[in-house]
Amino acid sequence: MTKLSLRNSTVGSKLVLMFVMVLNLTSTMAAQQRPEPGFRSALPSKTLLYVNDSPVSEAQFNAKRALVTEQQKTLVHQVEPSQDDLDAAALSLAVEEQILLNEAKTQGIEFSDAEIAQRVRSMQDEVNTSGTEDAKVAFHWAIEQHGLTDAEFATDPRVISAYRLAFTLGEIRSRIIASV
């Protein structure tokens, strides 16, 4: 995997946010890979727990585990975290996300497919015109990793689903911060 550095970069906050979203999108899309032809496309995922009557599935947990594991690889540790520590962090992340999604639903936060596609295209344009080389590489790597073209990216159902989650979580977090 290519490691990218944003530490000494002059990337604007929007591009840093987009970069983090691409990394999250990549782990989410990896958990939702298209099945090979001839296989069932939607196998049910076992529910691991409920957060305020909302299920957290095994697939959601596995996506968070992959994200936490990938993030840990980029950190310098005195002691490597155990698998139990990684699982606990993934579970905490999955529970936090479900709590935020429940609150977003309560507040009526929703994004249409068209709105998401427009925002993704806008981010693509911003990265292509004024993004750093690292941001461009990360964005295009995510596109190619999933067999998409630049034109297909904004309207791919996996991308729409991943960005819907990211935009919803971003919006509810912003509202929570603004209310404090």
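This is a predicted model: local features need pLDDT of at least 70, side-chain atom pairs count only at pLDDT 80 or more; totals for chains, interfaces and linings use all residues.
A residue counts as buried when its relative accessible area is under 20%.

Begin by selecting Phe139, which is buried because its relative accessible area is 1%.

Next, select Tyr163 and Phe167 in helix H7; being four residues apart, they are separated by about one helical turn. Their rings make a tilted pair, 5.5 Å centre to centre and 40° between the planes. Tyr163 is buried at 1% relative accessible area, and Phe167 is buried at 6%.

Now centre the view on Val120, which touches Phe153, Ala154, Tyr163 and Phe167, leaving aside residues up to four places away in sequence. Val120 is among the residues with the most contacts inside the largest nonpolar core, a set of 21 residues. Helices H3 (83–106), H4 (113–130), H5 (133–145) and H7 (157–179) each give two or more residues to this core, and H7 gives the most, with six.

Finally, display H4 and H7 together. Their axes come within 10 Å and cross at roughly 90°; the helices are therefore roughly perpendicular to each other. Select Asp113, Ile116, Ala117, Arg119, Val120 and Met123 of H4 with Ile160, Tyr163, Arg164 and Phe167 of H7 to show the contact. By class, it comprises seven nonpolar, no polar and three charged residues.

How values were computed
Residues are numbered from 1 along each chain as its sequence is written. Side-chain values use heavy atoms; hydrogens and water are left out. A nonpolar core is a set of buried Ala, Val, Leu, Ile, Met, Phe, Trp, Tyr and Cys residues joined through side-chain atoms within 4.5 Å. Buried means under 20% relative accessible area, exposed over 50%, partly exposed in between (1.4 Å probe, protein chains only). Contact means heavy atoms within 4.5 Å. Axes are lines fitted to C-alpha atoms, for helices over the stretch in contact, and angles run from 0 to 180 degrees between N-to-C directions. Angles under 35 degrees count as roughly parallel, over 145 as roughly antiparallel, 65 to 115 as roughly perpendicular and the rest as oblique. Ala, Val, Leu, Ile, Met, Phe, Trp, Tyr, Cys and Pro count as nonpolar, Asp, Glu, Lys and Arg as charged, and the others, Gly among them, as polar. Rings of Phe, Tyr and Trp (its six-membered ring) pair if their centres lie within 6.5 Å; planes under 30 degrees apart count as stacked, over 60 as edge-to-face and the rest as tilted.
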